[in-house]
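Below is a briefing on one protein chain.

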Amino acid sequence: PAAWVTIGDGELEPAREDYRDFFRDQGGCEPTTTAIEPEGCVEYEGCGIESPVVFCGHPAGHVWPEIGTDAARAFFQRFYGAR
């Protein structure tokens, strides 16, 4: 599946990394990434065309990040276009 994942630095622990990596692996992605906007986000390389995976880290704990709404919107617009 396509996935947009965000995890705060204050909660980035092995179990959370496993959650992120589950989607990366299911998407057939490589462990390498390319930085994308907004700052703190990366896209995994080599994913299937219908299963991109983006990870956005942020300097907080288990909260919705300031970049969250815009970054998630940009990700999902790939599938549905600008609305």
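What is the torsion about the S-S bond of C29 and C47, and is the disulfide right-handed or left-handed? The torsion is about 115°, so this disulfide is right-handed. The model is predicted, and a search of the whole structure finds 2 disulfides. The strands form an open sheet of 4, with mixed pairing.

**Disulfide C29 to C47**

- C29 and C47 are joined by a disulfide, with an S to S distance of 1.9 Å.
- The pair links distant parts of the chain, 18 residues apart: C29 sits in the loop between α1 (14-26) and β2 (33-36), and C47 in the loop between β3 (41-44) and β4 (53-58).
- Both cysteines, C29 and C47, are buried.

**Disulfide C41 to C56**

- The disulfide between C41 and C56 has an S to S distance of 2.0 Å.
- Because C41 lies in strand β3 and C56 in strand β4, the pair ties together parts that are 15 residues apart in sequence.
- The torsion about the S-S bond of C41 and C56 is about 110°, so this disulfide is right-handed.
- C41 counts as buried because its relative accessibility is 2%, under the cut-off of 20%.
- C56 has 0% relative accessibility and therefore also counts as buried.
- With the bonded cysteines of the protein numbered in sequence order, the pairing reads 1-3, 2-4.

**Sheet**

- The order of the strands in the open sheet is β1-β4-β3-β2.
- β1 (3-8) and β2 are the edge strands, each pairing on one side only.
- From one strand to the next, the twist averages 25°.
- β3 and β4 run antiparallel and are joined by 3 bridges.
- V42 has F55 in β4 as its bridge partner.

**Helices on the sheet**

- α1 packs on the sheet and touches β1, β3 and β4. The direction of α1 makes about 165° with that of β1.
- α2 packs on the sheet as well, touching β1, β3 and β4. The direction of α2 makes about 165° with that of β1.

**Loop residue P59**

- P59 is placed in the loop between β4 and α2 (68-80).
- Is P59 buried or exposed? P59 has a relative accessible area of 77%, which is over the cut-off of 50%, so this residue is exposed.
- P59 and T34 are 25 residues apart along the chain, and their C-alpha atoms are separated by 19 Å.

Conventions. Residues are numbered from 1 along each chain as its sequence is written. This is a predicted model: local features need pLDDT of at least 70, side-chain atom pairs count only at pLDDT 80 or more; totals for chains, interfaces and linings use all residues. Side-chain values use heavy atoms; hydrogens and water are left out. A disulfide is a pair of cysteine sulfur atoms within 2.5 Å. Helices (H or I, at least four residues) and strands (E, at least two) are DSSP runs, numbered from the N terminus. Buried means under 20% relative accessible area, exposed over 50%, partly exposed in between (1.4 Å probe, protein chains only). Two strands pair if DSSP finds at least two bridges between them. Axes are lines fitted to C-alpha atoms, for helices over the stretch in contact, and angles run from 0 to 180 degrees between N-to-C directions. Contact means heavy atoms within 4.5 Å.
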